[in-house]
Amino acid sequence: MEIIKESLKKILNEYLLEKQKTFGKNELAAFIREILPNRLVEKGLIDLNKYKITGSSGQGVWAAVPWIGIFDKDITVSAQSGYYLVYLFDENMNKFYLSLNQGWTYYKTEFGKKIGSKNIKIVSEKLRKKLATLSDTKYIEVRSIELGKGELAQGYELGHICGIEYSLDKIPNDKDLINDLRDMMMIYLELKKSLKNSNFLDIINSLILDDNLFIENEDEIINEIENAELVQEKKEPKPKLPPRRSSEGLIWPRDAKISKLAIDKANYLCENDSNHISFTSDITKKLYMEAHHLIPINFQEEFNNSLDVSGNIVSLCPNCHRKIHHGILEEKKAIIQKLFNERKELLKEFGLDISLENLLEKY
């Protein structure tokens with residue numbers, strides 16, 4: 001018997017009728033909440049030591065969109081936050097989806113409905129791009145879902161990352177349904193490994209930031225700085241922005257406009273030695289200089305305030321910039337000590353308190 005197929009079909013065929021009846025102690029509500037989840041566990045698909053699985057047809061009243069969620073306990077145990085796998089049934093009971101989704105309630109609470117809607121869509125698109133599995137032609141990707149007009153239905157639509165659509169008249173057999181779920185469990189695991197972070201707000205805040213803040217290629221960073229517009233910046237501590245995580249570790253955001261400001265404040269001269277001659281930049285038409293974080297940006301985790309501030313960024317000619325990165329320690333020390341002595345009070349204005357000895361250890 002096709003147990004999983006018939007269970008899903010039962011929900012689609014009976015839900016709208018049962019929805020006209022009293023919610024309390026309703027057999028179909030209990031079926032969604034407990035029986036179908038237990039059947040998926042019995043098939044050996046869900047390890048209850050690692051995952052929580054539960055269904056919902058509403059809380060006290062019938063839900064417009066019933067669901068059955070599978071939650072990695074390291075990430076979340078609720079559909080209100082985090083990211084998770086979920087079977088979602090559309091309001092008209094014509095179809096259902098197996099969706100890798102996110103907690104819309106968290107976005108709405110944290111940012112408000114309008115900004116939350118914008119942010120969850122941005123995060124969905126960026127998380128989708130992280131999934132190498134989606135390039136596999138054997139996997140049928142569904143980039144968007146349609147559940148209905150209710151607010152929660154639309155929240156699920158915005159939070160959808162990827163998934164599979166099933167129509168009432170074309171529900172596959174149990175073998176294919178089980179294989180689909182296994183594939184989606186692998187994608188869920190892939191996403192977990194790529195993020196390396198269970199703090200949902202940190203994930204959100206890093207992903208809604210401009211991608212240009214996370215450029216890793218040094219040539220691209222230089223080009224961004226050269227083309228950036230000048231901005232103003234107050235001499236005060238600035239909260240650090242969250243990092244993104246990659247296979248190489250943490251990537252801390254860097255604003256090209258702040259680096260451009262630091263170089264402009266130095267009058268496009270080398271702050272190690274203003275007599276050092278570079279060349280004229282074809283973009284700025286001024287002496288070419290490069291921006292360097294005196295306290296290296298990769299030590300941002302040790303500081304409560306942002307290291308990406310003009311008070312911590314110095315203008316260096318290409319030769320001095322290479323020397324401070326690649327020279328022998330004795331040659332580096334002379335530059336670092338000079339720059340630190342000139343900058344230590346300014347660093348404090350930006351909430352960055354560090355000794356020369358500690359700074360040298362970071363090189």
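Mentor: Let us begin with the sheet, in which 5 strands are arranged in the order 1-2-3-4-5 as an open sheet with antiparallel pairing. This is a predicted model, in which local features need pLDDT of at least 70 and side-chain atom pairs count only at pLDDT 80 or more, whereas totals for chains, interfaces and linings use all residues. Residues are numbered from 1 along each chain as its sequence is written, and side-chain values use heavy atoms, with hydrogens and water left out.

Trainee: What makes strand 1 and strand 2 a pair?
Mentor: Strands are DSSP runs (E, at least two residues), as helices are (H or I, at least four), and both are numbered from the N terminus. Two strands pair if DSSP finds at least two bridges between them, and strand 1 and strand 2 have 6 bridges in the antiparallel sense, so they count as a pair. In one of these, Tyr51 has Asp72 in strand 2 as its bridge partner.

Trainee: Why do strand 1 and strand 5 stand at the edges?
Mentor: Strand 1 and strand 5 (162-167) each have a single partner strand, so one side of each is left without a neighbour in the sheet.

Trainee: Why is the pair of Phe23 and Trp62 called edge-to-face?
Mentor: Rings of Phe, Tyr and Trp (its six-membered ring) pair if their centres lie within 6.5 Å, and planes under 30 degrees apart count as stacked, over 60 as edge-to-face and the rest as tilted. By this rule there are 13 aromatic pairs. The ring centres of Phe23 and Trp62 are 5.1 Å apart and their planes stand at 85 degrees, so the pair is edge-to-face. Phe23 lies in the loop between helix 1 (3-18) and helix 2 (27-42), and Trp62 in the loop between strand 1 (51-56) and strand 2 (67-72), so the pair ties together parts that are 39 residues apart in sequence.

Trainee: How do you know whether Phe23 is buried or exposed?
Mentor: Buried means under 20% relative accessible area, exposed over 50%, and partly exposed in between (1.4 Å probe, protein chains only). Phe23 has 15%, so Phe23 is buried, and Trp62, at 13%, also counts as buried.

Trainee: How do you know that the charged end of Lys362 sits over the ring of Phe299?
Mentor: A charge sits over a ring if NZ of Lys or CZ of Arg is within 6 Å of the ring centre and within 35 degrees of the ring normal. The charged end of Lys362 is 4.6 Å from the centre of the Phe299 ring, and Lys10 lies over the face of Phe31, at 5.4 Å from the ring centre.
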